Amino acid sequence: MSTPAVAVDPLRKQDIAANLAEIAGRVAAAVAARGDPSVQTRLVAVSKTKPASDIAAAYELGHRHFGENIQELVEKAAVLPKDIHWHFIGKRTLQSNKCKALASVPNLWVVETIDSAKKAVAMNKACEGREEPLSVFLQVNTSGEESKSGIAASECVAVATEIVQTCTKLRLKGLMTIGAAHNVHDGVNPDFELLVNCRKQIAEALGLNDLELSMGMSDDFEAAIKYGSTNVRVGSSIFGARSYPPKN
């Protein structure tokens with residue numbers, strides 16, 4: 001069965017095209033300024049709360065990587081092209097009982113919010129029917145804020161080891177964090193520095209030398225690229241501010 005077509009508003013597409021081009025240009029400039037052409041940075045367009053037509057517009061412009069929460073990802077994947085690379089980057093941590101629904105999306109490209117060995121095991125079990133291992137990022141709470149999800153930096157090696165050794169349906173693709181703006185001083189971002197250090201520790205312990213770093217959003221992606229981010233997540237600067245439904 002073919003995927004139904006999603007109508008695109010031409011005027012809306014023009015706005016998205018301009019925004020996407022600006023952000024992509026800034027990403028390219030930050031990569032060039034980093035001075036290491038061997039390391040590229042992927043731009044993930046975070047489309048949470050936005051209609052499928054916005055994603056279709058960006059898709060027609062050539063973009064392929066989109067970030068969503070669980071419910072929207074499942075719904076939008078059903079009506080949008082099958083060669084889209086979906087990133088699960090839910091606002092909250094991935095709930096174990098949602099893993100099966102998430103794993104059922106054939107073009108799910110990566111889960112960016114694995115924040116415990118327990119969640120990794122649950123996701124691994126849900127992926128038993130998938131032909132290829134599912135890529136995952138291990139989320140690290142580098143700022144120590146209670147409002148943010150993620151394992152402590154001190155747990156990185158242990159959790160990464162469990163994923164690599166016991167979760168045969170998962171592939172540890174890298175580490176992910178959400179930096180805290182107030183932690184930046186004189187251009188130094190200790191959250192990004194800590195994630196870089198976590199990657200180094202895992203690489204030394206497990207021999208994984210190609211782990212990616214998913215860090216940087218609309219307000220700090222250029223700084224994240226400076227620290228070697230290979231995956232930045234930008235939403236409002238491309239699609240506009242998110243509009244969440246009011247809570248009852």
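**Loops, helices and core of the predicted model**

Gly-150 is located in the loop that joins strand E5 (134-139) to H6, where helices (H or I, at least four residues) and strands (E, at least two) are DSSP runs, numbered from the N terminus. The structure is a predicted model, in which local features need pLDDT of at least 70 and side-chain atom pairs count only at pLDDT 80 or more, whereas totals for chains, interfaces and linings use all residues. Residues are numbered from 1 along each chain as its sequence is written, and side-chain values use heavy atoms, with hydrogens and water left out.

Gly-150 has a relative accessibility of 24% and counts as partly exposed; buried denotes under 20% relative accessible area, exposed over 50%, and partly exposed the range in between (1.4 Å probe, protein chains only). Apart from neighbours within four places in sequence, Gly-150 is in contact with Asp-115, Gln-139, Val-140 and Asn-141, contact being defined as heavy atoms within 4.5 Å. The C-alpha atoms of Gly-150 and Thr-177 are 7.7 Å apart, with a separation of 27 residues in sequence.

Thr-49 is partly exposed, at 21% relative accessibility. Although Thr-49 is not a glycine, its phi is positive, at about 75°. Most residues other than glycine have a negative phi.

Helix H2 (residues 52-60) is largely enclosed by the rest of the structure, because seven of its nine residues are buried. These are Ala-52, Asp-54, Ile-55, Ala-56, Ala-57, Ala-58 and Tyr-59. Their cover includes helix H1 (10-34), strand E2 (65-68), helix H3 (70-77), strand E3 (85-88) and helix H9 (236-239). Gly-62, which follows H2, has a positive phi near 105°.

The buried residues of H7 are Asp-191, Phe-192, Leu-195, Cys-198, Ile-202 and Ala-203. Viewed down the axis of H7, these buried residues fall within an arc of 135°, so they line one face of the helix; the arc is that of the directions from the helix axis to the C-beta atoms. The exposed residues Lys-200 and Glu-204 are on the face turned away from the buried side of H7. Elements covering the buried residues of H7 include helix H6 (156-166), strand E6 (170-176), strand E7 (212-214) and helix H8 (221-226). At the start of H7, a side-chain oxygen of Asn-189 comes to within 3.0 Å of the backbone nitrogen of Asp-191. Just after H7, Gly-207 has a positive phi of about 70°.

The largest nonpolar core contains 63 residues, and Trp-86, Val-111 and Met-123 have the most contacts inside it. A nonpolar core is a set of buried Ala, Val, Leu, Ile, Met, Phe, Trp, Tyr and Cys residues joined through side-chain atoms within 4.5 Å. Not counting residues up to four places away in sequence, Val-111 touches Phe-88, Leu-94, Leu-102, Met-123, Leu-134, Ser-135, Val-136 and Phe-137.

With a disulfide defined as a pair of cysteine sulfur atoms within 2.5 Å, the count is zero. Cys-127 is in no disulfide, the nearest cysteine sulfur being that of Cys-99, 7.9 Å away. Cys-127 is buried, with a relative accessible area of 0%. The sulfur of Cys-167 is too far for a bond, because the closest cysteine sulfur, in Cys-127, is 9.6 Å from it. Cys-167 is likewise buried, at 2% relative accessibility.

Conventions:
A polar contact is a pair of N or O atoms within 3.5 Å; within protein, one must be able to donate a hydrogen and the other to accept it, and residues adjacent in sequence count only if both atoms are side-chain atoms.
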